[in-house]
Amino acid sequence: MSALLEVADLRVTIGSTAAVRGASLTVNKGETHCLVGESGCGKSITALSVMGLLPRGAVRETTALRFAGEEIGRYGERQMERLRGDRMAMIFQEPMTSLNPAYTVGSQMTEVLRRHRGTPRAQAVDRAAELLARVGITAPGLRLGQYPHQLSGGLRQRVMIAMALMCDPELLIADEPTTALDVTVQAQILRLLAGLQKDLGLGILLITHDLGIVARVADRVSVMYAGEVVESAPTAALFAAPEHPYTRGLLTCVPVPGKAKRDEPLGSIPGVVPRIQPGFAGCGFRDRCAQASAACAGTIPRREASVGHEVLCTLPPRWGGAAAA
Amino acid sequence: MLRFFLRRFAVAVLVALTVLTLAFLLTRVSGDLAISIAGPNATQADVDAIREAYGLNRPLVVQYFDWLGRAVQGDFGQSYFFRDRVANLIAARMPVTVTLGLVGLAIALVVSLPLGILAAVREGTWVDRLVGLVAMIGQAMPSFWLGLVLMIVFGLQLGWVPISGVETWDGYILPGIVLAFSAIPSLTRLTRSGMIEALASDYIRTARAKGLTRLSILVKHGFRNAAIPVVSIAAVQLGFMLGGSIVIETVFALHGVGFLAWESISKNDFPVVQAVVLVLALIYIALTLLADLLNAVLDPRLRTA
């Protein structure tokens, strides 16, 4: 498998907050890479950095930001415009507000193709109808003429996905695409993404805080905490042998059928994600970590626990015996 | 869409009827019409004769429907001062006022929309603050004073445009600018705040993620949504311009409806004053209806409401 997206040592500063502090990750072709962590860990900022959609005032630095082998970190706004919506697409957490209320579904979908490929309207409409059907929308012809307020949240998210696929992108970034939807719709959307990936060979960067989703769809997982990737591993390895205390904490917060016992409280991680100032040294998790020691205030080593399983922690591999979760 | 239109139209007709009724009642509660028409030196016999001649001795309800029936046909009676029908007087002066109002609104929009968009895009920078300052100065400037200053500079000293009258088209330039100044501050501020709200919205982020050009994001996706409140206020402003051009028509000696109203008030020519107020109120109602329809075109969510 070859790397579709490589992010190396990404740093994003917004005002006096270090939102992302040296995050690295790789998304391979046809692979789903999940980015997990609590709110405020820098997951969305990482995704927006890749797309070049950071809010005004945010400063981005990387040692490498490669897309399909090309260094896009130095790209200007014009070059990024041409890439976005064409070769890399993004869908968002808020399907209710992410479509423009003033235009029909058809107009918003065809616009992408017309912009990037100069496709004539009639052909673009055909393509939009085809994709709406592809994402499981019945009567696509009718939906194309409707306005967003006439559609439910689940339908709108399907429209967003179909719209993202208009130009056959190589990379799809999905920022919590199912969080705002109810559970049955969530499952449908996830199945849809998995199916599309298999058929189209998409690389997907999926941001979520739902470990149940991760277990079902991810090939690889990166756990983010306070702007850093604290652990990264193939999905099976991460669930079987989580290393970082934060990852273990996250896993104890989720009930596992057959494992969670009645009358035994689920785990929780005390405290909240801190706001990190530039110049902060050491592990961002140490104030909430039961295993913290003096070494945690120094430079934290990045260790390889097994092949492709990296951890950013001072603790020895397999600390505390077998996997805690 | 048709249902929406019919509902708004029905409301507009109801408001218009209310205005007509109020206009009628106000003339009746302001004292005995026959006495005021007859003048201070009239005898009782004169007053009785006038009461008979104008039908003022009939029951109020009969007078009301008689008046209403003629008013909806555009018959507002005879002017006391001018030897003409009121309807003719207004019809002759309306083109000047409407042209002036449209010129004023056009200038106001051409100035305030780009300024508002610019301020929103550069929110919080010196550009934004400069636009805010210009809007504030514009609002603080009395229109008669601005009119006179423009007249002196561009009419008398530079001689670029006529200082009064509208015999040629360029006579509309100076009064149009003065009229526009009253609308520019509110339209600019509204455009700015609407654009700031629109640009911060999720659908703008989507538009950027689609790789659309900056122009398309700003105008097609941003301004289209910011324009909705601007349309409503622009309609109200045009109403103000048509009704409130009395000062400007007087300063620039334009014989429009505002000038007619000023003359009629000073000469106690009450049928003319009443008709001018009525016509302006009806124009106002029509403009509000038009704004509602334009908004329904701009915002599909309103059509089902």
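Is P270(A) buried or exposed? P270(A) is exposed, because 8 other C-beta atoms lie within 10 Å; by the rule used here, a residue is buried if 20 or more other C-beta atoms lie within 10 Å of its own, exposed if 12 or fewer, and partly exposed in between, with C-beta atoms placed from the backbone. This residue sits in the loop between helix 10 (245–252) and strand 12 (302–306) of chain A. Helices (H or I, at least four residues) and strands (E, at least two) are DSSP runs, numbered from the N terminus. P270(A) is 211 residues away from V59(A) in sequence, and their C-alpha atoms are 31 Å apart in space.

The model is predicted: local features need pLDDT of at least 70, side-chain atom pairs count only at pLDDT 80 or more, and totals for chains, interfaces and linings use all residues. Residues are numbered from 1 along each chain as its sequence is written, while chains are lettered from A and ligands numbered from 1 in the order in which they are written. For the complex, the predictor gives an ipTM of 0.87 and a pTM of 0.82.

Chain A comes first. Chain A holds 10 helices and 13 strands, and its C-alpha trace spans about 65 × 50 × 35 Å along the principal axes. A compact globule of 325 residues would have a radius of gyration near 20 Å, and the 21 Å of chain A agrees with this; the radius is taken over C-alpha atoms, and the globule rule is 2.2 Å times the number of residues to the power 0.38. Buried residues account for 44% of the 325 residues in chain A. Two residues are in contact if their C-beta atoms, placed from the backbone, lie within 7 Å. Of the contacts in chain A between residues at least 6 apart in sequence, 65% join residues at least 24 apart.

Chain A is split into domain 1 (3–87 + 170–312) and domain 2 (95–168), with bounds that come from an automatic or database domain assignment. The C-alpha centres of these two domains of chain A are 29 Å apart. Where they meet, 10 residues of domain 1 of chain A are in contact with 13 residues of domain 2 of chain A. On the domain 1 side, the largest share, four residues, comes from helix 7 (residues 183–200) of chain A. That side of domain 1 of chain A has eight nonpolar, one polar and one charged residues. Here Ala, Val, Leu, Ile, Met, Phe, Trp, Tyr, Cys and Pro count as nonpolar, Asp, Glu, Lys and Arg as charged, and the others, Gly among them, as polar. An unreviewed UniProt entry lists residues 5–251 of chain A as "domain: ABC transporter"; UniProt positions are given in the numbering used here, feature names are shortened, and annotations may be inferred rather than shown by experiment. This span of chain A is 40% helix and 26% strand.

The two chains also meet. In this interface, 24 residues of chain A are in contact with 18 residues of chain B. The elements that give two or more residues to the chain A side are helix 2 (77–83), strand 7 (88–91) and helix 3 (105–117) of chain A. Helix 3 of chain A gives the most, with four residues. By class, the side of chain A that touches chain B has 11 nonpolar, six polar and seven charged residues.

Chain B averages a pLDDT of 86, and 99% of its residues score at least 70; pLDDT is the predictor's confidence in each residue, from 0 to 100. Among the elements of chain B, helix 2 (residues 33–38) has the lowest mean pLDDT (73), and helix 9 (residues 202–209) the highest (94). Chain B is divided into domain 1 (2–72) and domain 2 (93–303), whose C-alpha centres lie 34 Å apart. Their contact takes 11 residues from domain 1 of chain B and 12 residues from domain 2 of chain B.

For chain B, the unreviewed UniProt entry places "domain: ABC transmembrane type-1" at residues 94–291, a span that is 81% helix and 0% strand. In helix 12 (residues 257–266) of chain B, the residues V257(B), G258(B), F259(B), L260(B), A261(B) and S264(B) are buried. These buried residues pack against helix 5 (86–121), helix 11 (246–251) and helix 13 (270–298) of chain B. Helix 12 of chain B is followed by N268(B), which has a positive phi, near 55°.
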